[in-house]
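Have a look at the model first, then read on.

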Amino acid sequence: MTEGIRTNIDVASPKRTKDIINKYGFTFKKSLGQNFLIDQNILRKIVGAAELDETKGALEIGPGIGALTQQLAQEAGRVTAIEIDNRLIPILQDVFADTPNVHVEHGDVLKMNLPELMEKQFAGLSGISVVANLPYYVTTPILMKLLEEKLPLENIVVMIQKEVAQRMAAKPGGKEYGSLSVAVQYYCVPELVCIVPHTVFIPQPNVDSAVIKLSLRKEPAVDVEDEAHFFRTVQASFAQRRKTLMNNLTAFVGKESREQLTPLLTSCGIEPTRRGETLSLEEFAALSKALLAAGFKG
């Protein structure tokens, strides 16, 4: 093993980041969305939002060279960092050679058995949070995997593209509100923590980021008979944003059943001329229930 890099020196500084990159001859892969954060204040805000202590575990996705990992290790009892890029594994193992509460796992989080990994890594801890600087290109697939698999998580605190974070936290009626807003808010209570300028990364991305905290609900926000049908209903309602619910749902029920939509929507207290972006989670739940009762499974 090469000479270890002391973890009591902050990884997240321009000089330290460049030193580590140069030492290992690391080159960034645009295809993996690699942008390393070099701002300690932002890191502290991310870790603070996760509400960690020595009795809790942190699952990190995409640790890079370990800037966030280092801060997590100081607060959590156990940190497991999943890294897809095999070139970063020896760097992380070197950086954290003397940090016993950090475990580095090589793999693609989208293909991993997360319940099995979490049971193995966090057994005996009082709570688990996902804390990560997610690559823009896989933000939504990763978050939906975490939510749909109903993992035993307290919080998900992630840094993602600002516009995506705003969509997740959006309320009905605004242009940012859409199917992603509904999906996230069905499982979580979202809270925007801070905006992160693109200038605090190496290399700099083209857009700003945001840190969002998703507090997992003990039960979904609304009671639905069939989750898959609920989400199909939501997707259908947003199929073409400029169209009314009546027009969007025609494709869902079939043209031959269009005339049934007006009384069905009215029975839910929803005007057929409304658009999907105006409906609350409660209204989507009522709509899904009514469609199911009428035999429209989508």
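Rings of Phe, Tyr and Trp (its six-membered ring) count as a pair if their centres lie within 6.5 Å. With that in hand, ring pairs tie Tyr186, Tyr187, Phe230 and Phe231 together into a cluster. Keep in mind that this is a predicted model.

**Aromatic pairs**

- In total, the structure holds 10 aromatic pairs.
- One of them is Phe26 with Phe36, a stacked pair with 5.8 Å from centre to centre and 25° between the planes.
- That pair links distant parts of the chain, with Phe26 in the loop between helix 1 (14-24) and strand 1 (36-37) and Phe36 in strand 1, 10 residues apart.
- Both Phe26 and Phe36 are buried.
- Then there's Tyr177 with Phe238: the ring centres are 6.1 Å apart and the planes sit at 70°, so this pair is edge-to-face, given that planes over 60 degrees apart count that way.
- Here too the pair links distant parts of the chain: Tyr177 is in the loop between helix 7 (162-169) and helix 8, while Phe238 is in the loop between helix 9 and helix 10, 61 residues apart.
- Tyr177 has 0% relative accessibility, so it counts as buried.
- Phe238 is buried as well, with a relative accessible area of 10%.

**Helix 12**

- Helix 12 covers residues 281-293, and at 1.5 Å a residue its 13 residues should span 18 Å; the end C-alpha atoms are 18 Å apart, so the two agree.
- Its buried residues are Leu281, Glu283, Phe284, Ala285, Leu287, Ser288, Ala290 and Leu291.
- What covers those buried residues of helix 12? Among the elements doing so are helix 8 (179-187), helix 9 (227-237), helix 10 (245-253) and helix 11 (261-267).
- Just past the end of helix 12, Gly295 takes a positive phi of about 90°.

**Leu37**

- Leu37 sits in strand 1.
- Is Leu37 buried or exposed? At 6% relative accessibility, Leu37 counts as buried, because the cut-off for buried is under 20%.
- Setting aside neighbours within four places in sequence, Leu37 is in contact with Ala12, Ile42, Leu43, Ile46, Ala67, Met159, Val196, Val200 and Phe201.
- As for Gln166, this residue is 129 residues from Leu37 in sequence and 20 Å from Leu37 in space, C-alpha to C-alpha.

Terms used
Residues are numbered from 1 along each chain as its sequence is written. This is a predicted model: local features need pLDDT of at least 70, side-chain atom pairs count only at pLDDT 80 or more; totals for chains, interfaces and linings use all residues. Side-chain values use heavy atoms; hydrogens and water are left out. Helices (H or I, at least four residues) and strands (E, at least two) are DSSP runs, numbered from the N terminus. The expected span of a helix is 1.5 Å times one less than its number of residues. Buried means under 20% relative accessible area, exposed over 50%, partly exposed in between (1.4 Å probe, protein chains only). Contact means heavy atoms within 4.5 Å. Rings of Phe, Tyr and Trp (its six-membered ring) pair if their centres lie within 6.5 Å; planes under 30 degrees apart count as stacked, over 60 as edge-to-face and the rest as tilted.
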